[in-house]
Amino acid sequence: MALRPPPIRILFMGTPEFALPAFNALYNDSQNRFEVCLVLSKPDAPAGRGLIHKPSVISQAALALGIELHRPKQLKGLEYQHLLQRVEELRIDVAVVTAYGMLLTEQLIEAPLHGTVNIHASLLPRWRGAAPIERAILAGDAVSGVTIQQVRLALDSGSVYARTETEIANKSYSDLQGELALLGASLLVDSLPGIVSGELVGQEQDASLVTYANKVEKHDLLLDPYIPAELNVRRVQAASTRNPARAVIAGRGVRVMQARLLSADTTTNRPSIGFMGISPSDGALLLGTVDGSVAIYELAADGKRPMGAGDFVRGLQIKVTDPDFKWSKWNS
């Protein structure tokens with residue numbers, strides 16, 4: 001009987017929920033092919049109403065399992081030098097990074113015996129950068145996906161080992177992010193043995209196809225009567241708790257959670273630009289735009305919890321025929 005090769009020794013670098021499926025897939029691999037020896041995550045950050053410092057999701061996972069954890073405030077200085085020393089002492093085979101949140105140094109990238117690989121939430125070379133999921137939704141891409149790539153110092157420029165895709169369709173940012181995290185975890189454990197053995201060779205990215213996913217700013221997700229209805233719906237779809245889609249409805253600032261495009265063949269109660277209506281079929285709040293209407297199903301007034309559109313409208317104590325039954329872009 002052939003001897004089983006020793007497990008691949010891993011430095012795992014990650015911080016938020018998106019990184020957890022990959023961490024779990026490596027740690028719980030049914031074939032025991034991997035050993036997570038060392039974890040690197042961002043320092044504890046204030047969270048909740050009390051702004052109490054709390055370990056990241058990945059820090060919590062490492063602490064619960066007794067895995068050596070490093071949380072440097074910056075990748076320099078004595079703490080960073082100690083981390084590099086531990087990578088050498090533990091003879092780390094490969095580093096895996098996904099949503100770590102800090103820029104890596106060339107020294108850290110090259111410290112493991114077989115370098116560093118990244119799970120990136122796009123189909124590289126499309127959407128290099130900080131916000132690939134949001135940018136894919138906002139651009140109206142039909143598909144998104146994940147890429148396992150070699151890490152180089154230049155942003156997301158490394159060769160591609162493997163990719164897998166999924167339709168975006170009407171998935172919210174949250175749902176798509178969760179799906180991509182699971183796809184990335186599965187693709188990682190399938191690819192990593194071949195990467196370390198050299199059997200899986202990366203392919204260079206086509207530079208002519210590169211696009212950049214710049215960080216999403218507040219203005220990227222503001223609803224606006226003077227842009228097409230479809231673009232407004234994409235802004236709601238790409239929104240999150242951290243980066244909400246916003247508008248002003250009947251003079252109130254709101255966050256919009258659920259919306260869809262009113263079908264083109266629906267003409268009943270379709271409001272004109274900047275005005276609102278109520279859908280007779282399902283009670284959705286209709287926002288008139290330059291080329292159609294957006295149907296709103298869930299929203300929240302500033303400082304309030306999310307609620308259905310019908311409950312929100314009843315709380316306004318204002319009739320559809322009132323001249324103030326209007327909406328506008330949020331500009332504060």
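This is a predicted model: local features need pLDDT of at least 70, side-chain atom pairs count only at pLDDT 80 or more; totals for chains, interfaces and linings use all residues.
**View 1. Surroundings of L192.** Residues are numbered from 1 along each chain as its sequence is written, and side-chain values use heavy atoms, without hydrogens and water.

**View 2. The largest nonpolar core.** This core has 71 residues, and F12, L26 and L192 have the most contacts inside it. A nonpolar core is a set of buried (under 20% relative accessible area, 1.4 Å probe, protein chains only) Ala, Val, Leu, Ile, Met, Phe, Trp, Tyr and Cys residues joined through side-chain atoms within 4.5 Å. Helix α6 (residues 173-197) supplies the largest share, eleven residues. Helices are DSSP runs of H or I, at least four residues, numbered from the N terminus.

**View 3. Helix α1 against α6.** The two axes (lines fitted to C-alpha atoms over the stretch in contact) come within 8 Å and cross at roughly 35°. P21, A22, A25 and L26 of α1 meet A181, L182, A185, L188, V189 and L192 of α6.

**View 4. Helix α1 against α2.** Helix α1 (residues 20-27) packs on helix α2 (residues 57-65) at about 25°, with the axes 10 Å apart. The contact is formed by L20, F23 and Y27 of α1 with V57, I58, A61, A62 and L65 of α2.

Note on methods
Buried means under 20% relative accessible area, exposed over 50%, partly exposed in between (1.4 Å probe, protein chains only). Helices (H or I, at least four residues) and strands (E, at least two) are DSSP runs, numbered from the N terminus. Axes are lines fitted to C-alpha atoms, for helices over the stretch in contact, and angles run from 0 to 180 degrees between N-to-C directions. Contact means heavy atoms within 4.5 Å.
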